[in-house]
Structures are given as structure tokens and as C-alpha cells.
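Hi,

Here is the structure I said I would pass on. Have a look at it first, and my notes follow below.

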Amino acid sequence: MRSYSKKSERNEACKKNRGRIGLITVRARPGQRSQGLLNAAGTVFPCALGSGGITANKREGDGGTPLAAMRILSGYYRRGHFNGAPTRLAMREIQAALGWCDLPGDRNYNRPVRLPYVASHERMLRDDRLYDACLVLDWNIAPRRRGRGSAIFFHLARPGFPPTQGCVAVTPKVMARLLPRLSSRTVLKVVR
């Protein structure tokens with residue numbers, strides 16, 4: 001006899017979603033505009049922010065981290081690093097020919113490009129390994145507006161959390177802890 005079928009279905013849905021993170025909140029650390037505190041499901045981690053701090057009027061090259069709610073779209077990983085990490089995100093391996101265009105006037109502005117590329121771009125296979133795990137945020141993706149900022153990622157931080165170019169960055173240990181709980185429905189919300 002199944003007298004509580006709706007409750008049973010609801011419990012199954014809860015089990016299925018248990019552990020997923022729907023919202024990550026990021027705010028500046030008091031007195032440190034280029035460092036932040038990232039709250040994921042009630043656990044707070046230190047993070048690095050842009051050298052320009054949090055900005056409501058993001059512009060290309062200003063070093064600011066956008067004051068916005070940004071969905072995590074997908075990600076990239078470096079072979080041998082994070083490629084075995086379980087995640088619900090679409091993850092692609094970073095190849096040597098992968099770049100990201102950051103020239104506002106180019107038709108591929110704020111999009112991945114194949115290297116070599118004539119216009120200004122960022123190389124995704126970095127020597128400093130900050131993109132060993134790099135998640136693409138939906139800042140200025142659709143619609144894209146010239147000069148509103150490009151390559152706003154959630155990636156790995158340098159030791160000591162020095163400023164990023166406008167991204168949000170955490171330690172490799174924190175990224176490994178979060179990856180299994182993230183999905184394309186996860187929103188990273190930068191607040192003041």
C-alpha cells in the first residue's frame with residue numbers, strides 16, 4: 001500500500017539533489033578589496049578577487065570583479081589535474097591551441113578561439129597553472145557587449161590570494177571540494 005506516494009517521490013528528489021550547490025555568494029573581505037569570502041552551502045572559504053575590487057560598472061581591463069549573479073556554464077581542466085574530479089559540469093580538456101579573445105572590437109570577443117589568433121587573446125594553457133580547473137561564468141556571454149569585460153572565470157588562486165584580473169579564484173583544495181557539487185544551475189553571486 002502506497003498511501004504517501006507524493007511524499008516518497010519528494011524524498012527521492014531530495015536524495016537526488018542532496019549535496020548540490022545552487023548558490024555561491026562572494027563578497028569582499030573587510031579591508032581587503034581584492035580578496036573575498038566565498039560562501040558555498042554555509043561553508044566560507046577565502047578567495048581572490050580582481051585588483052579593482054568589486055565593481056558595478058565592469059569594463060575591459062579595469063581589473064574589477066563584476067557585481068552580478070553569474071551562472072556557471074561549463075569548464076576546462078588541464079590534463080592530469082582535475083580531469084578525474086566528478087562534476088555535473090561539462091568539462092573540456094585545455095589544449096595548447098585554446099585561447100580566449102579579449103579584444104572588444106573583434107568578432108570573437110569574449111569567446112574561446114584557436115591559437116595562433118591575430119587579435120589580442122589570453123592563452124588558456126597557462127604556465128602558472130591557474131586554469132588547471134577553470135569554470136566559465138556567464139558574464140557578458142549572451143548578449144556580448146563590447147568593452148564590458150571578458151574571460152570572467154572561477155579558477156585557481158595563487159598562494160596568498162594576490163589579485164586576479166577580475167575573476168574569482170580559490171585554492172586547488174577548495175576547487176576539488178566544490179566541483180562535485182556544482183552544476184550548470186549553480187549561480188556565483190558577487191555582492192557588496
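Let's start with serine 184, which is found in the loop between helix H2 (172-178) and strand E14 (187-190). Helices (H or I, at least four residues) and strands (E, at least two) are DSSP runs, numbered from the N terminus. At 35% relative accessibility serine 184 counts as partly exposed; buried means under 20% relative accessible area, exposed over 50%, and partly exposed in between, with a 1.4 Å probe and protein chains only. Leaving aside residues up to four places away in sequence, serine 184 touches Arg71, Ile72, Leu73 and Leu89, where contact means heavy atoms within 4.5 Å. Serine 184 and arginine 71 are 113 residues apart in sequence, yet 6.9 Å apart in space, C-alpha to C-alpha.

Before you go further: this is a predicted model, so local features need pLDDT of at least 70 and side-chain atom pairs count only at pLDDT 80 or more, while totals for chains, interfaces and linings use all residues. Residues are numbered from 1 along each chain as its sequence is written, and side-chain values use heavy atoms, with hydrogens and water left out.

Now the charges. A search of the whole structure finds eight salt bridges (a side-chain nitrogen of Lys or Arg within 4 Å of a carboxyl oxygen of Asp or Glu). Glu122, Arg126, Asp128 and Arg158 are linked in a network of them. Arginine 126 meets glutamate 122 at 2.9 Å, N to O, and aspartate 128 at 2.6 Å between the closest N and O atoms. Aspartate 128 also pairs with arginine 158, at 2.9 Å. Arginine 158 lies in the loop between strand E12 (153-156) and strand E13 (168-170) and aspartate 128 in the loop between strand E10 (121-123) and strand E11 (133-137), so this pair ties together parts that are 30 residues apart in sequence. Both ends are partly exposed, aspartate 128 at 33% and arginine 158 at 35%.

Cheers
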